[in-house]
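Work through the exercises below with the model open. Try each task before reading its solution.

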Amino acid sequence: MRKRLKKNLGVFRALFSLRFHGLTVFRLDFFGPFFVDGSLFVIQLLAFGAVYANVDAIGSWGRGEMILYIGSFSLINAINMTVYFFGINGIPDKVRSGDLDLYLTKPVSPLFRLTFENVSPGSIPLVFMSICIIAYGAGTADIRLTVAGTGAYIFWILIMTVLYYEMEVFIRSVSLYVVSMARMEQIEEAGLELCMKLPGIAFHGVYKVLFYLILPYGIMATLPVQSMVGEMSAEMAVYGMGVMGLFSLLTCAVWKQGLRRYNSASS
């Protein structure tokens, strides 16, 4: 186990070094993602202003908590765009073109390499912008930051980032089973767009089942905010960890079985 971890860390350092070396040669690889992600960030802020201009509260959350929510979702998405999105997003294209064969012949896990081969430093500024929004939201909500509260918030941000990663891998692993990913990508985009604007506490009935379990985008920023404002119950904490664990198992199973199908089809 230790030997495998050491090898993976070595591969990560090599990929990271190559990525930064490429960025010094092709500066567009840095500024391109920065402007694209920055534009999305601005659009999210404008959408927030338009939606909540005349709304004082949603459930028990006031404007400060809503700003915290937008900042938290933006932070999770910024980490996603910086670390793994551009690698994972290319899985369907590599399956269709047969380029995935090159990853299966390497001595390192293909998913590990796909995850970290396209790290995007151009998205790093969005992480700091998101933190500024979170700080502003905490001030607006008049939240007293404590070591325990901040630690719990960071913990849930990391857990929900892992859940986001598992969902992205899960959805793109479907390309190993079907010819077209268009419908899946449309569903993902629609779910994300809605949950970036509305917190999980706004969902009830069938919508809560959909966005708390089937496509759990609704809990991604909701749980970190609840942990910071003191609304996190033990049951909800267990539920959040359970959903993350469930998607980890599902993603692992779908990915591994899909690779077996891919090998059988290409051999």
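**Exercise 1. Find how many salt bridges the whole structure holds.**

Solution. Apply the criterion: a side-chain nitrogen of Lys or Arg within 4 Å of a carboxyl oxygen of Asp or Glu. A search of the whole structure gives 5 salt bridges. The model is predicted: local features need pLDDT of at least 70, side-chain atom pairs count only at pLDDT 80 or more, and totals for chains, interfaces and linings use all residues. Residues are numbered from 1 along each chain as its sequence is written, and side-chain values use heavy atoms, with hydrogens and water left out.

**Exercise 2. Characterise the salt bridge between E188 and R172.**

Solution. Start with distance: N to O is 3.0 Å. E188 sits in helix α10 (residues 182-195) and R172 in helix α9 (residues 147-173), so the pair ties together parts 16 residues apart in sequence. Helices here are DSSP runs (H or I, at least four residues), numbered from the N terminus. Last, check burial (buried is under 20% relative accessible area, exposed over 50%, partly exposed in between; 1.4 Å probe, protein chains only). E188 is buried at 7%. R172 is buried at 4%.

**Exercise 3. Are E193 and K197 buried or partly exposed?**

Solution. Their side chains form a salt bridge, 3.7 Å from N to O. E193 has 46% relative accessibility, so E193 is partly exposed. K197, at 32%, is partly exposed.

Note on methods. Helices (H or I, at least four residues) and strands (E, at least two) are DSSP runs, numbered from the N terminus.
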